[in-house]
Amino acid sequence: MQDFLAYTVLGICLGSVYAIAATGLVVTYSTSGVFNVAHGAVATISALVYWQLRQGWHLSTPLAIVLTICVFAPAVGIFLELVVMRGLRDTSEVTRLVIPIAVLLAINGLATWVWFRDGSRAIVPKKFFGEQHLQVLGQAVYYHQVIGVGLAMATAGGLYVLLYRSRLGVTMRATVDDRRLLMLNGGRPDRASLGSWAIGAGLAGLAGVLLAPQQGALQIFALTLLVFDAYPAAVGGRLRSVPITFVGAMVLGLTRQYFDWVSHAGQSWLALRNLRNAIPAILLFAALLFLPQGRLRGAVVARTRERFTVPTMKQAVAWGGVLIAAMAMLQALMKGAAVISLANGMALSLMALSLVLLTGYAGEINLAVYTFAGVALIVAWQLDVGPTGLATRASLSVTAILAAMLVCAVVGGLIALPALRLRGLYLGLATFAFGTIVYQLVILQTKPLRGSIFGHQFTINLFTTGSLTVPRPHWFGIDFRDQRAFLMLMTVMFVLIGLALVGIRRSAYGRMIIAMKDSPAACATLGLNIMRLKLGVFMLSSALAGLGGLMWAAQQRTLANNNNFDGFASLLLFMIAVVGGIGYISGALLAGIFLSVLSVVMPNIFIKLGSDYPSLHWFFVTGIGNFTKFVGPALIGIRLGKNPSGIAQQVMDGFRPLKRVPLGTAAWASSIVVLWFLSWRGAIGHWTFALVVIGSVFIVPRVLMGMFPERFEDVANAGQEDPDLIGLARPFQRHDRDRFDRELALPGHDRSRSDATS
Amino acid sequence: MSESLAESQPEPIREPIREPILELVDVVAGYGPIIVLQSVSLTLHRGEVLALLGPNGGGKSTAMQVCCGLVPIISGQLRFAGRSITGAAPDALARAGVCAVPEGRGIFPNLTVHENLMMATHTGMSLAEIEHTAFARFPALASRRWQLAGTMSGGQQQMLSMSRALATNPAVLLLDELSMGLAPKIVSQLYEIVANVAAEGVSVLLIEQFARSVLRIADRAAIMLNGRIVRTGPPDELADELSAAYLGGKANS
């Protein structure tokens, strides 16, 4: 009984901090409609700023608190709203999820750059009033915790009054419902949004400062995850209700502490030791499942235009051939290290392909791609390597690949099945929770699982030694341990899967998927079984994720059960896939290459520059190099707001004029081949070749347009003709569609041209 | 009919000439490079009910959105009570007394009726006062005070929208397709209120597709076709031309 009371007290203390974090999330969501994934990152950077002010620069505690929570954190919130979130209005749900992910990664990258750029160092935040404590019901409670409880109660009460009783708060909530109407009523939505972001970020900062001492030495991503733990409370309150969120936070805090009590801090059952850390994710999953969902609504036809053109099968085959040829030519010119990072990129592209099907075509979200990679790895390892730990096979077997894909499909089906009712953001959160659960309970599992089925004893080794190794394939007499050969194998696989996806997209099944994305209600009225469709797509996509993940693992050869699987990698991949162009096979290709090149090659270039010019070393290496490494990908993600259809679309639009000048294009292509040959023979440098090719990509389409103006007349004259006659007088073309987008004031396609209407 | 009413009112200041309150002067407006309004001039006088009629896609709603500041003007002028307010923000216009009830239901579905009415308090009137007048005008709302506005019927939503608009004591009331999706009985009830409000001195710009329902209460009417005002005049004169406009014929008199 004594223990029970003591753990209750601790649970309330923990729940209070969760309550502060979760209500902050509720404030921003209920007043801006954006689920601020970056909430945890704001908390983390605020904790670091507080540490810097209090312990780094020895300011007094009250001053440091005021500067952090009332000045710094709200300023971050206001900055985010002004620069990033404001552009999210009228964008699709995927974009509204991706951009906060990008912000999260950017803030954490920035924090790493500022505080941890030279590797690890011990930043140990202190509690308020140090170790001073009270005795409550026989339990020592730090003043720090008492302050947390007090602040949580004040926050909850204050927010309730603000949101439901004050005009400002009601204005904030009205902003989400209908901005334009609010303006027509004399409200000022921009101010209301700024206010809500400032308050939300302030609460995040407070939560960060309160949570940070729990960790001992501060670790950026771990602290961010600690704030994520509070999310189930907010979801339990449907991201709107402050009182339910508060109760949810208490339930969460108590559950964790009671588990500690029952399990003696996880020591009772070693196999379930990590269950403690998985509790928030389990509760999040549960909250999502039992959450009352809105009915299917027909009226929510999104006013966005993220439309992806579909290539014909012929085009797709042609481009696949071009890709294989280009990759073969390219790798011939590259050094070993560059080939490795290109192959890493190709493996990531294979993983991203699963997202093209799931998110690009079907509009569903999976934030746990790497989890499927982990599952596939475990399955393939059981079959090909076995619990003896010795590599018994020289080649990855086809059986292992198929088994891994099958298991991934089943696992994907199992999470999708209960989550079928969920859509968009909620489904994304459910997959993220699932990823965390698998990470904590399976991937971090170092105890072999023993059991018996029908009398057969079996042992499943998970990451028993902390890492797993899978062999690379040895097929058709080719040893793919050779990096170049494996790169080509993956390229061919990418092309084949890509073709299959284009085939799916062009089939009746593909049209059903697209229809489901556009309007589930309309599908239901047409007699489509949405549940079965969704389940099928999810399983197929999970199998593809497993396949891609397995190739990625084979590319790495040995994978540790470290932060590859902790969720952030999946977030990053998802983000980059959307940035690349989630509706395109080429988008997945760009995404993988991009991720690999940006995080490896760019910093290397700057390190090289730094060693060439020692006096500018700090500028190149610490300044630009590390900055690109830590913050670069995320900044590109934030740019997405400007072009939600992704980079692939932009690239293709750039090349579109070439179609009308086939001879010029052929000349250009053959001159590239000639240059490649010269470069391959060593007549010209590889860098010269690269620069000429990259430069020509930008210049040639424009030059051709200038040389043959008569072939582009209709593009130049767009917007002058009577819209009624387009399609009758001449065929309906792409630029006409752009024009109608603008006329209908559909945002998203290109905001800079349609800003006048927002 | 309310023109004669206006003349009979002993208000010397606006007796001699009818004073314009809201004017569009050669307004060109549209979305991006696409021009929707091609040089529209329209004057709304103080205390008058002006019906803006015409078929779908003629630019009526754009004209209204220009009046309340939601669509920027490319060239031309928007004048309110004699002053140019071209380019003013929608919230500034609302605070100055140009109140719009937009197409569809002008309510916040996730706020309660009470909170919806709270959004009208920016004029300085107390919430209690606003609720009192609103509930007196639409008794159906009183019992739904704590209900989420989005869960009410279409008619009730439109009543809420109207009462919130009227609570701000606007000088100009812009009503876009008030009748859309509502039962005829409710529509005529709403227009009766519009007529009453106009009689109290509020100037009303009505936009309608179903012209018959508003010609009864309008003092003047204008027909809009392909982004131009093609005809302005007393409602009974326009009634005949309307069918021509709707059926695609030329509306020349």
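**Ground rules.** I'm working with a predicted model, where local features need pLDDT of at least 70, side-chain atom pairs count only at pLDDT 80 or more, and totals for chains, interfaces and linings use all residues. Residues are numbered from 1 along each chain as its sequence is written, chains are lettered from A in the order in which they are written, and side-chain values use heavy atoms, leaving out hydrogens and water.

**Chain B against chain A.** I looked up the contact (heavy atoms within 4.5 Å) and found 27 residues from chain B and 27 residues from chain A. The buried area (accessible area, 1.4 Å probe, that two parts lose on being put together, summed over both) is about 2600 Å², with 60% from carbon and sulfur atoms.

Next I checked salt bridges (a side-chain nitrogen of Lys or Arg within 4 Å of a carboxyl oxygen of Asp or Glu). The rule finds two across this interface. B:E115 and A:R173 pair up in a salt bridge, 2.8 Å from N to O. α3(B) gives the most, with four residues.

**A patch on chain A.** I noted a nonpolar surface patch of about 520 Å², made by A:I694, A:F698, A:I699, A:V703 and A:M707. Patch residues have over 30% relative accessible area (Shrake-Rupley, 1.4 Å probe, only the protein chains shown as cover) and no salt bridge, with nonpolar side chains (Val, Leu, Ile, Met, Phe, Trp, Tyr) joined within 5 Å. A:I699 sits in helix α27 (residues 686-707) of chain A. At a relative accessible area of 51%, A:I699 is exposed, a label that needs over 50%.

Terms used. Patches are made of residues with over 30% relative accessible area and no salt bridge: like charges are joined within 9 Å, nonpolar side chains (Val, Leu, Ile, Met, Phe, Trp, Tyr) within 5 Å. Helices (H or I, at least four residues) and strands (E, at least two) are DSSP runs, numbered from the N terminus. Buried means under 20% relative accessible area, exposed over 50%, partly exposed in between (1.4 Å probe, protein chains only).
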